[in-house]
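Q: Could you walk me through this structure, one topic at a time?

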Amino acid sequence: MMEDEKRMLPQDTSRPHLERRRTPQPPPQKHYPIDGKDRVLLLLAWGLGVLLSEVLILWFHHCGLIVPVLVGGWYGVLLWYRGLEGFTSRVNLVLFGAVCLLALSYGLFPNPWFRGWNALALPLLMTVQLFQWSDTPRYPWSSPVMVGERLLLLLEGLFTFGPSLQTVQSLSKCSHRRTAGVLAGLLVSVPLLLVAISLLGTADAFFRYVIAGAVAWVVDHVTVWLLRLVLGLCAIPFLFGLLYILRRPQSRLERPASKRAAVPFTLDPLPPATVLAMLDVLYSFFLAVQSAALFGGASYLGRAGISYAEYARSGFFQLVFVALFNLTVVLVCIHISRPSGRSWQAVRVLASILVGLSGILLVSAAWRMSLYVGAYGLSFKRFLTYWGMVILAVFLAAALLKIWNARFPFFSVIFMASVIGWLLLNYCNVDIIVSQYNVSRFLRSGETVLECSYLKNLSYNALGPLEHLPGNTVTGTGEPLSQLLSEGRERAAREASDWRTWSVSAQLAAGGLSSSSFQSAAGRCWGLVSQAEEGEVCTGQQTAILVCDLHHT
């Protein structure tokens, strides 16, 4: 009876329908077109990943020839994979040449500061060049927002894993049975080989000796290479995704376009004109005070209780940053001011005055720096300050043109000036310039004591000019200069013996070990030290004491 009643009751047929509706459906997987080049690219991306892992293991401070090899391999794979379409454009060729020169500097100069900074400059410049080649970004290279956009495109390409996964799936579909058979054979053969090798080792002593040597070689070398291969394997999805979107820009996720163009923010020119006028008055007063100090001489400063040396060595870094601050203020005021009326003309005039005052501040900073270098010598940081002043002077000149010509490509000029200036700085060999300047200054002065702690952050390129010092030169700690020079050249020889850390400078510095003049100078120096230890007086010669620390060079 109860079963009949259940049959007679109306059935609720809506619930299953609702349950089917509520069941979430997985989003359709995006399809990426795959061809034969993509399958070969898996192996090539693995090789690039191995080279990249080697660079990361050595880190950029110790890298040499391996960096240009990695960059050359990357562009070789990309040219084969993508083709020459768009590569011959003028802007792309200029950027590509800058990338090549920056990568080649690792194989030429061993300065650790430049190698560390180029670890950031080289990937950034490569990112700008790669997406300029692929025509993916919406903003041209002359736009100031292009750097941020291309960095976002780089991250998007590195974390696009779909193409590599679908390429691996296409490989598994083509050779699933053969791959499974090979893997099964390897799994079975490994324990069998271990058993056979152990039995043969007990049967023959010489075979056991050979196997022991082979195992030691495997532990020393193969394990390190296995680590490189595993790291390279982990890098495949990232490198493959980036190469894939560089070849197929249409495959990247499209962002919704904005409905209306952004209107630039502008305001009445009177507030910016007021800000510029106040700054002009302040810097005019500052320059008047500074001119009195500079032209008044030591006696004028003495009445204020300030020594001339103290005045010369203080303030040049701050003056450079002030000039950079003024450049930023000028650009902001010009950008936000509404270009109309007399107030706008006042903004342009006051901004031009501020640019001129900033240029005078740079000249004053250069003057102070020259006074300090003349008194205390040249160093790596002081040379970089000179370089920064020149680059900032170019920026100020470009800002002055931008003030009076709204169509002037300000960002393009300062971008290319920065790239060219950085390349020139890398290739001028700062270490040799610093060392030669201080050694020649020491020889001209006729002094017996030279403070040269500036050498501790330089590479062994700084050792070459030190050979021109007198053969009786010793360090302040009593060690002969020849010992410190030989230690530096031995480090150069170790770098030159490995292709990963090899550089032209390391090879040239290592070759100095066989110089006859160096050996004779070393012998004379050792003889003088031994005479000093025995209490004898060196007649007819004057021992020059070189107070320096070259252990970190």
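**Notes on a predicted model**

Q: Where is the place of Asn429?
A: Asn429 sits in the loop between α16 (410-427) and α17 (430-445), where helices are DSSP runs of H or I with at least four residues, strands are runs of E with at least two, and numbering starts from the N terminus. This is a predicted model, in which local features need pLDDT of at least 70 and side-chain atom pairs count only at pLDDT 80 or more, while totals for chains, interfaces and linings use all residues. Residues are numbered from 1 along each chain as its sequence is written, and side-chain values use heavy atoms, with hydrogens and water left out.

Q: Buried or exposed, that Asn429?
A: Asn429 is buried, because its relative accessible area is 15%; buried means under 20%, exposed over 50%, and partly exposed in between, with a 1.4 Å probe and protein chains only.

Q: And what is the phi of Asn429?
A: The phi of Asn429 is near 60°, which is a positive value in a residue other than glycine.

Q: Moving on to Asp431, where is it placed, and what is 5.2 Å from it in space?
A: Asp431 belongs to helix α17 and counts as buried at 2% relative accessibility. The residue in question is Ala462, 31 residues apart from Asp431 in sequence and 5.2 Å apart in space, C-alpha to C-alpha.

Q: Switching to helix pairs, at what angle do α14 and α15 cross?
A: The axes of helix α14 (residues 341-376) and helix α15 (residues 380-404) cross at roughly 165° and come within 10 Å; axes here are lines fitted to C-alpha atoms, for helices over the stretch in contact, and angles run from 0 to 180 degrees between N-to-C directions. That makes α14 roughly antiparallel to α15, given that angles over 145 degrees count as roughly antiparallel, under 35 as roughly parallel, 65 to 115 as roughly perpendicular and the rest as oblique.

Q: What residues make up the contact of α14 with α15?
A: The contact of α14 with α15 divides into 18 nonpolar, 6 polar and 2 charged residues, where Ala, Val, Leu, Ile, Met, Phe, Trp, Tyr, Cys and Pro count as nonpolar, Asp, Glu, Lys and Arg as charged, and the others, Gly among them, as polar.

Q: What about α5 and α16, parallel or antiparallel?
A: The axes of helix α5 (residues 90-104) and α16 come within 10 Å and cross at roughly 25°, and the two helices are therefore roughly parallel to each other.

Q: How much space lies in the largest pocket?
A: About 720 Å³ lies in the largest pocket, the volume being the space filled by probe spheres set on grid points that are joined across faces, edges and corners. On a 1 Å grid over the protein atoms alone, a pocket is an open set of points with protein on both sides within 12 Å along at least five of seven lines, whereas a cavity is a set where a 1.4 Å probe fits but cannot get out, and lining residues have an atom within 4 Å of a point.

Q: Which residues lie nearest its centre, and what is the lining of the largest pocket like?
A: Of the 26 residues lining the largest pocket, Leu52, Leu70, Pro123, Met126 and Leu239 lie nearest its centre. The lining divides into 25 nonpolar, 1 polar and no charged residues, and its largest share, 8 residues, comes from α6.
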